[in-house]
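Hello,

Here is the structure I promised to hand over. Have a look at it first, and then read on for what was found in it.

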Amino acid sequence: MQNYQRDWLQRMLPRLALSPSLAVILVFVYGFIVYTSYLSFTNSKMFASTDLIGLENYVRLFNLPNWHLALKNLGIFGGLYILICVCLGLFLAILLDQKIRGEGLIRPVYLYPMAVSFIVTGTAWKWFLDPSIGLEHVMHLWGWDSFTFRWIKETNTAIYCVVIAAVWQSSGFVMAMFLAGLRGIDNEVLKAAQVDGASPYHMYRRIVIPMLRPVFLSAFVVLAHMAIKSYDLIIALTNGGPGRATELPATFMYSYTFTRNQMGVGAASAVIMLMTVAAIIVPYLYSELRERQHERN
């Protein structure tokens with residue numbers, strides 16, 4: 001009887017330990033997702049309302065020029081952010097994979113930016129890019145009076161400042177993913193290619209990079225969802241400006257929900273963001289599960 005009680009306690013202890021956090025996640029994550037979806041179909045303004053109005057908030061949302069501008073900015077930011085991070089991360093990983101001296105020191109140097117928050121990154125890059133205190137000011141102090149770098153103050157270029165800061169933050173993480181993938185490739189395959197006379201360029205192009213397809217997919221999923229939910233970096237770096245030049249869907253959602261008193265429209269934008277993230281992650285998870293099932297069979 002004592003053994004039965006002890007076995008039962010050993011089985012239940014992990015569940016009891018995890019149950020509070022599970023309850024919190026169910027309420028404050030999934031519960032709020034359901035509640036936000038419900039609000040998107042109501043006439044909620046400053047306060048939540050129970051008056052259902054169907055798809056009216058979604059119709060209003062896609063008729064708002066600010067929403068179209070946020071989507072356009074997301075396309076520019078997300079496209080460049082993912083493309084540059086993947087290319088730069090792959091390039092750095094290939095360099096580090098050459099077994100260079102001091103790799104143990106260089107690797108954490110590239111990974112360090114990922115350890116700081118987007119708030120810190122945005123603030124630091126804001127100081128650097130601000131013409132009154134940053135790069136332009138330093139160049140003027142050094143005597144280069146004609147030097148100008150005002151991207152962060154121009155509506156046509158401010159979004160590229162966000163791209164620069166985000167790439168600085170995430171490229172080291174992507175490099176680590178590619179480096180792990182490179183180290184996982186069977187050396188016998190590479191040796192066989194060398195014996196057949198393949199040059200390093202053709203070896204990477206025809207063998208190594210195609211074998212890194214799962215890493216490319218993982219990097220895309222991680223970076224895409226980070227781009228869609230970007231909020232703190234925008235607030236710290238540009239606060240959505242100048243004007244609305246760097247507004248993204250996340251800042252649009254906050255603005256319409258908490259400052260413009262259009263909670264229904266803000267909730268509709270949040271649901272659209274959630275559906276976009278789900279459209280990226282769900283196929284990825286499905287492919288992963290399908291691959292594991294195929295390996296088991």
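A word on names before anything else: helices (H or I, at least four residues) and strands (E, at least two) are DSSP runs, numbered from the N terminus. With that in hand, you can find Asn261, which follows α12 and has a positive phi, near 55°.

This is a predicted model, where local features need pLDDT of at least 70 and side-chain atom pairs count only at pLDDT 80 or more, while totals for chains, interfaces and linings use all residues. Residues are numbered from 1 along each chain as its sequence is written, and side-chain values use heavy atoms, with hydrogens and water left out.

Let's stay with α12 for a moment. Its buried residues (under 20% relative accessible area; exposed is over 50% and partly exposed is in between, with a 1.4 Å probe and protein chains only) are Pro249, Ala250, Thr251, Phe252, Ser255, Tyr256 and Thr257. What covers these residues? The cover includes α2 (56–61), α3, α10 (213–228), α11 (232–237) and α13 (263–296).

On the α12 side, the contact (heavy atoms within 4.5 Å) is made by Pro249, Ala250, Phe252, Met253, Tyr256 and Thr257. On the α13 side, the residues are Met263, Val265, Gly266, Ala267, Ser269, Ala270 and Met273. By class, this contact of α12 with α13 has 10 nonpolar, 3 polar and no charged residues; Ala, Val, Leu, Ile, Met, Phe, Trp, Tyr, Cys and Pro count as nonpolar, Asp, Glu, Lys and Arg as charged, and the others, Gly among them, as polar.

Another helix pair is α8 (residues 187–195) with α9 (residues 200–211), packed at about 145° with axes 11 Å apart. Val189, Leu190, Ala193 and Gln194 of α8 meet Met203, Ile207 and Val208 of α9. That contact of α8 with α9 divides into 6 nonpolar residues, 1 polar and no charged.

Now for the aromatic rings. Rings of Phe, Tyr and Trp (its six-membered ring) pair if their centres lie within 6.5 Å; planes under 30 degrees apart count as stacked, over 60 as edge-to-face and the rest as tilted. The count by this rule comes to 14 aromatic pairs. Trp67 and Phe252 have ring centres 5.1 Å apart and planes at 55°, so this pair is tilted. It links distant parts of the chain, with Trp67 in helix α3 (residues 65–96) and Phe252 in helix α12 (residues 249–259), 185 residues apart. Are Trp67 and Phe252 buried or exposed? Both are buried. Together with Phe62 and Tyr256, Trp67 and Phe252 form one aromatic cluster.

For Trp125 and Phe128, the ring centres are 5.5 Å apart and the planes at 85°, so the pair is edge-to-face. Trp125 counts as buried at 16% relative accessibility, whereas Phe128 counts as partly exposed at 38%.

Enjoy exploring!

Methods
Axes are lines fitted to C-alpha atoms, for helices over the stretch in contact, and angles run from 0 to 180 degrees between N-to-C directions.
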